[in-house]
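Please look over the sequence and the structure shown here before reading the notes that follow. They are arranged by topic, so that each point can be checked against the coordinates.

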Amino acid sequence: MRCPIGKPSGSTLASWLSGLEVGRLERVLATRLDAVSPPEPRSFGELADRLQRPASVAPVLAELALPQLQVAEALAALGPVPRAALADLLDVTEPGSDRGLDAVLETLADHALVWPDGQGLLHLVAPLRQAWDSPLGLDGPLARLLADTTSEELRRMLVALGVPSPGTTKKDRLATLLEHHSDPERVAAVVASAPVATRKLLERRARHQGEQTQGQAEFIMLGAPRADSEPGARWALERGLLVQDRYSGYGPARMPAEVTLALRGADWRARFEPFPPVVQTVSVTDAEVDREAAAAATAFAAHAASVLAACAASPPARLKSGGVGARELSRIGKATQCDDIVVRLVLETAYDAGLLARDGDRVAATDGYDAWAEREPAEQLTALLQAWRTLPLTPTQARDEDGKALPALAGTPPCGGCAQARDGLLAAAVGLPAGQGVKSPVELGPLVAWHRPLADQLPQDAAPFASVIREAELLGVIARGSLSRIGAALRADDGEALAAASRRLLPTATSTARFGADLTAVVTGTPSARLAALLDAVADRDAVGTASVWRFSPGTIRGALDTGRTPDAITSDLADVAVGALPQPLSYLIHDTARAHGRVRIAPAACVIHGEEPALLAELAAHRGLAELGLRQLAPTVLVCRTPLDKTLATLRAAGYAPVAETADGTVRVEKTRSRRASAPTPTPLPGQRSRSVPTETPVDIGLSALAARLRDAPPTLPDPDPFGTGVPYGTDTEEIIAGYAKNLTYSDVRQLAHAVDAGAAITVEYVAASGNRTVRTLSELDLDPPHLYAWCHLREDERVFTLSRILGVMPA
């Protein structure tokens, strides 16, 4: 059967890359931009080395959809296999599923995770093979599990099986045993002849491979099982149907993958779901999606402006443990008429966008907020959308796994699975048929799980991914169960398209208000920064949303007069933004409050109260409620007070009077509240907080076409010869990597160590410890991560890290 992922070439990734067409090579480079970013690779060998590093492969794993993970897991379990064998294991029989397998292999190849060799075998990049402890519930292959077995033990296994030994060497006997166990019919026949206890044990282990089904520990001495092993285990161990670790002797015996597959039967197939789950959809038009997305985005922009204005005027306090607690969130929500979920979403996105920062024991607005507040609603929303797209957490998470309330801006560790949930949601929505939206938003959850199986699901969600779906609806990313223009721009990571979509859906800021005879002002849409500042100065916000309402009262007008405004100036400013004439009740309120304002003046002398009305001063002196001020009348129009000026001012106002304060030169003191701002323009992250993400306007262009051309022209297409002057080219990429770091090894030692890494076999090395002492160690379960080698050390009975440059020699185990 054909292999759709490129021209089969050598067994290495470098040789496959060298045989790709230019367009296909550019696609591989584009999908792995993080791995091929400058400095640019100079050869296909260097490119393959960087594409296979664990740090480069790990981020790609989280971006794979369910069928891609299923195919990768199958290849991790089987090793290099032809496409036909892979299709048979995945039960790919229908034309649709066959095309789905081709598409999955194409995607994996575009990410340089799978490639075919010269014999048509599909290879999986080494770090990805280690992503599963037991892929498909299978343990390691027989060759790996028997790598430490002696030749005599192999002979006894062949005798027990009734298979003639071909020779006296371990290699010959191991090859014969591998050939026998690779035949499912022969394995099934051996198991059929086993004692009942052994047969039940093997069948149970084959069904539940990968689970800890054995409660009793076994101890093996010199390869021979003890009599108290699990019933039936000894018979299987003697024939290689189970394998025990000869070094530790503890833990359950391991069943080779060949035996497990044989016992599962010819009808067993691995799961493969090439198509997303079917969901109920309804017809929607672009106009309907635009209308609902515009309403949601407009409301969120207005809520964001009011929440951040409240934080700028009165910065929320931080808990001692960090973050903004429930009490402060409730305060902000009541002041701005916003739900808790909206407040959390605004705070997290604003902090990530640089509009908020930690300032001592509070979270205050930054200088960047002032510039943001002056922008149009579309520009404000764009900044918050870009921050939401890259947030390494789910901002609306309010409960932990134990149901305990979580503060906002708590500085939680970065959550890659949360970011993948947003990626999966956008991928799920863009994959819906044109003109169709899901009947209910909760139906997007299974689609998200299919597109991003490794995405995190919050414990607070009653339905899968309910929180991230709700966030997308609030932001206008999802509307009518479909992806909006804003969502499409976010999915494409196109800043210009996002700004254009926001401008199209959101109206410009409203600069006028309608004043009513009931002493209210109504602003439809998002008020401009100037209009909001004016109305906030003379009235209290009564409602926020698609329409904002301010309410006037004597107290609000008096507050404006306290800031130094005159009644004529207030009336003039309101008339400039009014649609029509100001209603008479509002004009009367302003002038009536102004007539009573300042009738009593307070001078600092610790302090002095004076006025032009002797009766009023006498009333203050005789007022029982003001006795605590210690007032004493010196003259008909002068009172002396022993209470400080500010406290006296507040007490008189609380008693219903309208005094004003004077400065030392006798002029009226203008009371202006200075908004608190964080000292640093770039906020310092909260304890444990992620670093601020700064969206790039345009993606980094490293010239993929030019890079592909240079790689093609770079001689040779195979990796460079070894550095020892033998002229023999490296056989695999692993050899080239090890040779680059293990400078003390001969070329034969490099090849031997590389073979052990690729085959998962044990090896013995001569090593120089950090103390300078030489030691000989037998290693297994090798994991190459240059410049280190992670392995199980049989001398220390523990996993150890070895530096490649300290390895002096390599010997068979």
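What follows is a briefing on sheets, helix packing, a cavity and some backbone details.

This is a predicted model, in which local features need pLDDT of at least 70 and side-chain atom pairs count only at pLDDT 80 or more, while totals for chains, interfaces and linings use all residues. Residues are numbered from 1 along each chain as its sequence is written, and side-chain values use heavy atoms, with hydrogens and water left out. Helices (H or I, at least four residues) and strands (E, at least two) are DSSP runs numbered from the N terminus, and two strands are said to pair if DSSP finds at least two bridges between them.

**The three-stranded sheet**

- An open sheet of three strands is arranged in the order β1-β3-β2, and its pairing is antiparallel; its edge strands are β1 (81-82) and β2 (114-116), each of which pairs on one side only.
- Strand β3 (residues 121-124) runs antiparallel to β1 and is joined to it by two bridges, and Leu122 in β3 is the bridge partner of Val81.
- Helix α6 (residues 66-78) lies across β1, β2 and β3 and runs at about 100 degrees to β3, where axes are lines fitted to C-alpha atoms, for helices over the stretch in contact, and angles run from 0 to 180 degrees between N-to-C directions.

- Strand β16 (residues 600-603) pairs with β20 in the parallel sense over three bridges, and the bridge partner of Val600 in β20 is Pro659.

**Other strand pairings**

- Strand β13 (residues 520-524) and strand β15 (residues 547-551) run antiparallel and are joined by five bridges, with Arg551 in β15 as the bridge partner of Thr520.
- Strand β14 (residues 540-543) pairs with β15 in the antiparallel sense over three bridges, and in this pairing Ala543 stands opposite Val549 of β15.
- Strand β24 (residues 798-803) is antiparallel to β23, to which six bridges join it, and Phe802 in β24 is the bridge partner of Leu789.

**A helix pair**

- Helix α12 (residues 170-181) and helix α13 (residues 184-192) pack at an angle of about 85 degrees, with their axes 6 Å apart, which makes α12 roughly perpendicular to α13 (the term covers angles of 65 to 115 degrees).
- By class, this contact of α12 with α13 has two nonpolar, two polar and two charged residues, where Ala, Val, Leu, Ile, Met, Phe, Trp, Tyr, Cys and Pro count as nonpolar, Asp, Glu, Lys and Arg as charged, and the others, Gly among them, as polar.
- On the α12 side the residues are Glu179, His180 and His181, which meet Arg186, Val187 and Val190 in α13.

**The cavity**

- The count comes to one cavity of 30 Å³ or more, a cavity being a set of points on a 1 Å grid over the protein atoms alone where a 1.4 Å probe fits but cannot get out.
- The largest cavity has a volume of about 40 Å³, a volume being the space filled by probe spheres set on the points, with grid points joined across faces, edges and corners.
- The lining of the largest cavity consists of Thr394, Ala421, Asp456, Gln457, Leu458, Asp461, Phe465, Ser467 and Val468, where lining residues have an atom within 4 Å of a point; by class, four are nonpolar, three polar and two charged.

**Backbone details**

- Pro786 and Pro787 are joined by a cis peptide bond with omega of about 5 degrees, and Pro787 lies in the loop between β22 (774-785) and β23 (788-793).
- Arg480, although not a glycine, has a positive phi of about 55 degrees, and Arg480 is found in the loop between β10 (478-479) and β11 (482-483).
- Glu797 takes a positive phi near 55 degrees in the hairpin of β23 and β24, which has four residues between the strands.

Notes:
Contact = heavy atoms within 4.5 Å. 1 Å grid on protein atoms, 1.4 Å probe; cavity = no way out; pocket = protein on both sides within 12 Å on 5 of 7 lines; lining within 4 Å. Parallel < 35°, antiparallel > 145°, perpendicular 65-115°, else oblique.
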